[in-house]
Amino acid sequence: MSARFEDAAIVSGIGQSQTGRRLQRSDLSLTVDACRAAVADAGLTLQDVDGLVAWPGEHPAPPGFTGPGTLRVKDALGLDLRWHHACVEGPGQGAALMTAMMAVASGLATHVMVYRTVTEATGQYGGGRSGAHPWDAAGVPGQFQWLRPFGSVSAATWLAPSFRRYLHDYGIDREQVGWLAVSNRANAIRRGRAVYPQPLTLEDYAGARDIATPFRLLDCDIPIDGATAIIVSAADRATDTPHPVRFEAVGSAVTVRPWWDQLTDPTAYPAQDVGNHLWSRTSLTPTDVDVAQLYDGFSFLALVWLEALGFCGPGEAPGFLDGGERTSIDGELPLNTSGGQLSEGRLHGYGLFHEACVQLRGQAGSGQVPDAEVAVVGIGGGPLGGAFVLTR
Amino acid sequence: MLLPRSVSGRGWLWSYTVVHQPFIPWLEVPYTLGVVELEEDLEVHLTTQLVGAGPEQARIGLPVEVVFERHGWVHLPLFKPREDA
């Protein structure tokens, strides 16, 4: 195989701010905390950081969605940058990490800070989401002109028809899907990461109120505030990193039509292309994976990732989750070990990436997967998707 | 390649969702969103509202036809069950 950009980059440090519901703190303050924590974790100083990449950058969006753009963070941290970038389009929220890998592989930068910050819980406080979207005054752009005017205004309403079609096409027992919410909550409680610390049962899942059928409340992740920072460093320049995590492969392909609603197969999202691409870039296979962190902004998305990444066949994900044993900490595929977004809260994929690193570094305490050497992270939903194989 | 083409306005519900969460102030819940596949090409879908029918009438495969709802210079293509449904 010719030179792979994955080999030129490592994760040298990780950091997270305070996270939780309605912290009433600014996005910049949380971001600064996460970045300082990541720098200290990597054994670096802010003077060493010469790249800064975020997802998605600042643009008109509901309160708390975008977090601060790179220019505000550069100024707040006093960074001297050789590369900076933020863009909402790309292979999912993880595109920012891939861009950082390219920056160090190309020699443009040595230590790139990547961050994702959300303050949606504080942003929705008081007025809720209702009426808070700037598009309703300024006009609906791009693909969303075909969704929002009809009342399809949330990822819940963009995805719910595909979830229904999936349940219908495969004749799935809808309540089996509840095992994801139940298992994630148990994982979050074990790690002290649960936004809501009460254990869940399948009865709780079945009795939760409807959001956009067939999605009920416990199929949906929890909006929170928080920032995650990941430092991507040039492998040949970061030789004394205390806890390196290596990139084995990325999946960034898209060949299907990249929309929320133009599917005939209800799982034919870019995640399928990403899965094929990911495994084409490594000799490892799904059976080598010790721990998986799969995007669960909605329960259905984790099902899509389980199938797209080859952990089970089409229509088999709910059966794979049933009973919770296979995906438990000591099961064949420990899944979302810090609770996923369903229980740890929506850090928009970066909580999942952070947890994959914690597991590979052996720092997950009572929630540690024994001897975890290979982790998979799948981030995104609908037209957004990207994935990583990480090793220690 | 995509080119404009006239179509019959007929199709089927590929799938649907009944929205209960009041995400927006300008639509009363519950309302039914459908994804309609067009008779002329099943790979062309429209996200739309199902009108003229309650949520209990929605089902995958329901035959539907277009009705336009005017908002100033915009005509939104909504869909109702076909007479022969």
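This is a predicted model: local features need pLDDT of at least 70, side-chain atom pairs count only at pLDDT 80 or more; totals for chains, interfaces and linings use all residues.
1. **The interface.** Start where the chains meet. About 2600 Å² of area is buried between chain A and chain B. Carbon and sulfur atoms give 60% of that area.

2. **Polar links across it.** How many salt bridges does the rule find across the interface of chain A and chain B? The count is 0. Polar contacts are there, though: 17 residue pairs are in polar contact across the interface, both residues at pLDDT 80 or more.

3. **Who supplies the chain A side.**

4. **Helix 6, length.** Check the geometry. Helix 6 of chain A has 16 residues, and at 1.5 Å a residue it should span 22 Å. Its end C-alpha atoms are 22 Å apart, so the two values agree.

5. **Helix 6, burial.** Is this helix enclosed or open? Of the 16 residues of helix 6 of chain A, 12 are buried, so the helix is largely enclosed by the rest of the structure. Among the buried residues are Trp158(A), Phe163(A), Arg164(A), Arg165(A) and Tyr166(A). The cover comes from both chains. From chain A it includes strand 5, strand 6 (215–216), helix 10 (299–308) and helix 11 (317–321). From chain B it includes strand 1 (10–19) and strand 2 (31–38).

6. Look at the start. There, a side-chain oxygen of Ser154(A) comes to within 2.9 Å of the backbone nitrogen of Ala156(A). After the helix comes Gly171(A), with a positive phi near 60 degrees.

7. Val377(A) sits in strand 10 (residues 374–379) of chain A. Its relative accessibility is 0%, so Val377(A) counts as buried. Leaving out residues up to four places away in sequence, Val377(A) touches several others, including Leu352(A), Phe353(A), Phe388(A) and Leu390(A). Thr110(A) lies in a loop, between helix 3 (95–105) and strand 4 (111–119) of chain A. Thr110(A) has 12% relative accessibility, which means that it is buried too. With the nearby stretch of sequence again left out, the residues touched by Thr110(A) include Asp50(A), Val232(A) and Arg237(A).

8. **Salt bridges in chain A.** Over all chains the count is 20 salt bridges. In one of them, Arg4(A) meets Asp7(A) at 3.2 Å, N to O. Arg4(A) is buried, with a relative accessible area of 13%. In another, the closest N and O atoms of Arg72(A) and Glu58(A) are 2.8 Å apart. Arg72(A) lies in helix 2 (residues 70–77) and Glu58(A) in the loop between strand 2 (51–54) and helix 2 of chain A, so the pair ties together parts 14 residues apart in sequence. Both are partly exposed: Arg72(A) at 36% relative accessibility and Glu58(A) at 47%.

9. Glu39(B) and Arg10(B) form a salt bridge of 3.1 Å, N to O. The pair links distant parts of the chain, 29 residues apart: Glu39(B) is in the loop between strand 2 and strand 3 (41–49), and Arg10(B) is in strand 1 of chain B. Glu39(B) is partly exposed at 32% relative accessibility, as is Arg10(B) at 31%. Back in chain A, salt bridges with shared partners join Arg4(A), Glu6(A), Asp7(A) and Arg281(A) into one network.

Key. Residues are numbered from 1 along each chain as its sequence is written. Chains are lettered from A and ligands numbered from 1 in the order in which they are written. Side-chain values use heavy atoms; hydrogens and water are left out. Buried area is the accessible area (1.4 Å probe) that two parts lose on being put together, summed over both. A salt bridge is a side-chain nitrogen of Lys or Arg within 4 Å of a carboxyl oxygen of Asp or Glu. A polar contact is a pair of N or O atoms within 3.5 Å; within protein, one must be able to donate a hydrogen and the other to accept it, and residues adjacent in sequence count only if both atoms are side-chain atoms. Helices (H or I, at least four residues) and strands (E, at least two) are DSSP runs, numbered from the N terminus. The expected span of a helix is 1.5 Å times one less than its number of residues. Buried means under 20% relative accessible area, exposed over 50%, partly exposed in between (1.4 Å probe, protein chains only). Contact means heavy atoms within 4.5 Å.
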